[in-house]
Amino acid sequence: MKAVAVLKFRDIPQVMELPQPELRAGMILIRVAAAGMNPFDWKMVDGIMDGHMPHQFPLIMGVEGAGTVVAVGEGVTRFKEGDKVYGQFIHSPIGEGAYAEYAIVPENNAISIAPKSINLAAAAAVPNAGMTALQLLEAAGLKRGQTLLIIGATGGVGSFATQLAALQGIQVIATVSNEAAAERMLQLGAVTTVNYKTGSIEQLVKQTYPDGIDGLIDLMSKKDAFAANTALVKYGGVALTTAFVADDALLKERNLRGGNFETKGNLTSLDQLTQLIDDGKLQIPVGNTITLQEVAAAIAQSRTGHATGKTIITME
């Protein structure tokens with residue numbers, strides 16, 4: 001099969017011809033239709049999980065995807081051949097990932113029957129970004145009518161978070177870099193946008209919300225910028241970062257809930273997303289669709305931190 005893999009940590013990803021993975025007990029074999037691209041994919045190549053989980057090389061990249069079950073291992077009861085599924089593919093050992101024509105996934109992973117109202121390529125954009133957005137909003141605990149600033153709003157997580165917040169009646173302020181992005185975020189449910197190319201986020205938000213905002217979800221800022229952004233949040237509000245740059249002492253000083261946030265893949269979140277999608281309440285934020293041959297260039301672009309929607313890798 002064709003797969004995108006690396007031969008060692010910090011290697012440049014390349015398309016390789018590799019053996020189809022052998023099915024093991026408790027696992028399902030999936031013919032992958034598409035994989036979602038995440039910054040975590042190249043962070044694993046850089047060794048972020050080294051010492052935490054076993055790795056195997058060539059290391060096939062990819063932590064999420066969608067496809068069709070073609071075989072089930074001994075003991076599997078949740079899935080059968082022919083099921084269309086989506087979810088998190090990451091498991092031990094690291095290196096049996098989704099950037100491949102076939103992948104094996106443990107039955108007990110956060111993987112479920114794919115939404116019926118969208119195709120599998122679109123479904124591959126949902127698991128990580130969707131679950132992260134859903135759980136961020138649960139952690140934020142904001143109520144209808146309260147204000148939420150989302151920094152990094154145009155990416156996959158931000159696009160889902162904007163929609164999910166709007167569904168709850170939360171007033172979303174979305175950061176953007178151009179007019180086209182602003183229009184898109186308003187269509188997804190943001191009440192206003194802030195173009196960070198035209199001035200500092202802090203100054204621009206203060207102009208419209210001089211008394212402060214109720215919550216902050218920051219998907220990209222470094223430590224100093226996140227600290228500055230928390231100053232926009234009212235005393236007793238909430239500030240969350242997925243970049244793990246929160247200063248707990250600073251948050252405590254301003255009586256802010258939140259801090260560093262890590263997604264926990266689970267079936268409850270995934271099935272919630274499936275229901276919302278099949279009810280027609282969520283748009284899937286696919287920004288780019290690429291082939292395996294285009295992955296290396298897309299990874300290089302992902303490292304720059306600029307994204308619009310979600311990049312999907314199709315296997316055909």
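Mentor: Before we start, a definition: two strands pair if DSSP finds at least two bridges between them. And keep in mind that this is a predicted model.

Trainee: Got it. So how do β4 and β7 pair, and over how many bridges?

Mentor: Strand β4, residues 55-60, pairs with β7 in the parallel sense, over two bridges.

Trainee: And which residue is the bridge partner of I60 in β7?

Mentor: That would be E96.

Trainee: Nice. What's the strand order in the sheet?

Mentor: The order is β2-β1-β4-β7, an open sheet of four strands with mixed pairing. β2 (14-17) and β7 (94-96) are at the edges with a single partner strand each, so one side of each has no neighbour in the sheet. From one strand to the next, the twist averages 55°.

Trainee: Switching to helices: at what angle do α3 and α9 pack?

Mentor: At about 100°, and the axes of α3 (residues 127-140) and α9 (residues 267-278) are 9 Å apart. Angles of 65 to 115 degrees count as roughly perpendicular, so α3 is roughly perpendicular to α9.

Trainee: Which residues make that contact?

Mentor: From α3, P127, G130, M131, L134, Q135 and E138; from α9, S269, L270, Q272 and L273. They divide into five nonpolar, four polar and one charged.

Trainee: Last one, I170: buried or exposed?

Mentor: Buried, because its relative accessibility is 3% and the cut-off for buried is under 20%. I170 is in the loop between α4 (156-167) and β11 (171-176).

Trainee: What does I170 contact, leaving aside neighbours within four places in sequence?

Mentor: L142, K143, G145, Q146, L148 and A165.

Terms used. Residues are numbered from 1 along each chain as its sequence is written. This is a predicted model: local features need pLDDT of at least 70, side-chain atom pairs count only at pLDDT 80 or more; totals for chains, interfaces and linings use all residues. Side-chain values use heavy atoms; hydrogens and water are left out. Buried means under 20% relative accessible area, exposed over 50%, partly exposed in between (1.4 Å probe, protein chains only). Contact means heavy atoms within 4.5 Å. Axes are lines fitted to C-alpha atoms, for helices over the stretch in contact, and angles run from 0 to 180 degrees between N-to-C directions. Angles under 35 degrees count as roughly parallel, over 145 as roughly antiparallel, 65 to 115 as roughly perpendicular and the rest as oblique. Ala, Val, Leu, Ile, Met, Phe, Trp, Tyr, Cys and Pro count as nonpolar, Asp, Glu, Lys and Arg as charged, and the others, Gly among them, as polar.
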